[in-house]
Amino acid sequence: MTLTETHTETHTETHTETHTETHTETSPRTAVAALARDVVKIYGRGDTAVRALDGATLSIPAGRFTAVMGPSGSGKSTLMHALAGLDTVNEGQVLIGDTDLAGLSERQRTLLRREHVGFVFQSFNLVPTLTAAENIELPLTLAGRRADRAWIDELVEMLGLADRLLHRPAELSGGQQQRVAVARALAARPRIVFADEPTGNLDSRAGEALLGFLRHAAHELGQTIVMVTHDATAAAYADQVVFLADGRVVGELPAPTVPEILSRMAGLGSAARSGKEK
Ligand SMILES: Nc1ncnc2c1ncn2[C@@H]1O[C@H](COP(=O)(O)OP(=O)(O)O)[C@@H](O)[C@H]1O
Ligand SMILES: [Mg+2]
């Protein structure tokens with residue numbers, strides 16, 4: 001079997017599977033990519049303990065683009081870290097696919113993340129000494145996996161990075177750096193991609209291009225995406241918005257529009273203020 005054959009096979013198979021799941025789903029329930037159930041996360045102890053998550057329950061549908069919104073301090077980043085297996089929780093259950101994270105050692109969680117989770121950060125987090133191409137392939141290199149050439153070429157093409165591949169991050173614009181980070185996150189075809197404020201350091205045009213790609217990745221490539229954001233315009237690109245307040249999921253909005261998001265957020269802001277001093 002030649003390399004090319006293997007790659008093409010994998011590529012086609014995954015595409016077909018994903019499309020079937022996403023678009024010809026007949027059951028009323030979509031496949032779940034990740035799940036948090038009654039999750040409690042407490043930072044610190046004693047008088048200074050903070051209940052960052054206070055019974056958060058959320059299921060992330062596969063092949064969809066989900067935005068998580070909430071006031072500052074409502075637990076968005078904590079929830080993302082819990083769902084991504086970056087951190088353990090005090091109570092409740094977290095599943096990635098069918099895997100219950102509670103049963104895993106730190107080492108096993110690391111391996112699960114490498115295999116199944118991709119990340120995009122507000123600050124890009126590219127390795128400055130590596131080229132764009134090397135950054136994109138880094139998760140595969142770390143996992144000891146061979147790059148799926150056709151898939152990476154396709155990502156690079158879709159993200160408009162073809163002529164930037166030999167440049168280092170310092171030679172790229174913010175928008176280009178974040179597109180490299182997105183290609184890196186998708187390179188290993190993870191079960192789920194988490195993005196924490198991915199447009200926070202981008203100008204509005206670069207931000208819109210990135211958000212358009214994330215939506216495309218969910219709809220056309222079947223990629224499950226969870227994005228934490230405080231920006232209603234960004235959240236409106238998602239298929240659904242999940243609202244957090246005081247460490248709990250307090251609402252969901254399918255097919256969101258900017259005015260609907262803003263109005264929900266305004267309600268949360270006053271609820272959060274009346275219940276908390278900050
Ligand atoms: N490492 C930490 N140690 C102590 N408290 C933390 C830590 N991380 C977050 N918190 C607290 O947990 C709460 C939720 O934080 P976070 O998840 O970062 O909220 P968000 O991302 O919605 O702004 C906040 O009160 C925050 O101060
Ligand atoms: Mg945060």
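Which residues in α5 meet Ala183, Leu186 and Ala187 in α6? They are Ile152, Leu155 and Val156, and this briefing builds the picture around them. What you're looking at is a predicted model, where local features need pLDDT of at least 70, side-chain atom pairs count only at pLDDT 80 or more, and totals for chains, interfaces and linings use all residues. Residues are numbered from 1 along each chain as its sequence is written, while chains are lettered from A and ligands numbered from 1 in the order in which they are written.

**The overall picture**

- The protein has nine helices and ten strands; these are DSSP runs numbered from the N terminus, with helices being H or I of at least four residues and strands being E of at least two.
- Of its 278 residues, 39% are buried, a label for residues with 20 or more other C-beta atoms within 10 Å of their own, those C-beta atoms being placed from the backbone (12 or fewer is exposed, and in between is partly exposed).
- If you take the contacts with a separation of 6 or more, 71% of them link residues 24 or more positions apart; a contact here is two residues whose C-beta atoms, placed from the backbone, lie within 7 Å.

**Helix against helix**

- Two packed helices are described by the angle between their axes and the distance between the axes.
- Those axes are lines fitted to C-alpha atoms, for helices over the stretch in contact, and the angles run from 0 to 180 degrees between N-to-C directions.
- Helix α5 (residues 149-158) and α6 cross at roughly 155 degrees, with axes that come within 10 Å.
- That makes α5 roughly antiparallel to α6 (over 145 degrees is roughly antiparallel, under 35 roughly parallel, 65 to 115 roughly perpendicular, and the rest oblique).
- Sorted by class, the α5 contact with α6 has six nonpolar, no polar and no charged residues; Ala, Val, Leu, Ile, Met, Phe, Trp, Tyr, Cys and Pro count as nonpolar, Asp, Glu, Lys and Arg as charged, and the others, Gly among them, as polar.
- Helix α4 (residues 132-142) packs on helix α6 (residues 174-187) at about 30 degrees, their axes 7 Å apart, so α4 and α6 are roughly parallel to each other.
- On the α4 side, the residues that meet α6 include Ile136, Leu138 and Leu140, and on the α6 side they include Val180 and Ala183.
- This α4 contact with α6 splits into eight nonpolar, one polar and two charged residues.

**A closer look at α4**

- Buried in α4 are Ala132, Asn135, Ile136, Glu137 and Pro139, and the buried residues of α4 pack against α3 (106-116), α5 and α6.
- After α4 comes glycine 144, with a positive phi near 70 degrees.

**The two sheets**

- One open sheet has four strands in the order β2-β1-β4-β5, with antiparallel pairing; strands pair if DSSP finds at least two bridges between them.
- Five bridges join β1 (residues 32-43) to β4 (residues 91-96), and arginine 37 stands opposite glutamine 93 in β4.
- Helix α2 (residues 76-83) lies across β1, β2 and β4, at about 125 degrees to β1.
- The other open sheet has six strands in the order β6-β7-β8-β3-β9-β10, and its pairing is mixed.
- In that six-stranded sheet, the edge strands are β6 (117-121) and β10 (248-254), each pairing on one side only.
- Strands β7 (residues 192-196) and β8 (residues 225-228) pair in the parallel sense over four bridges, and phenylalanine 194 has valine 226 in β8 as its bridge partner.
- Back to α6: that helix lies across β6 and β7, running at about 170 degrees to β6.
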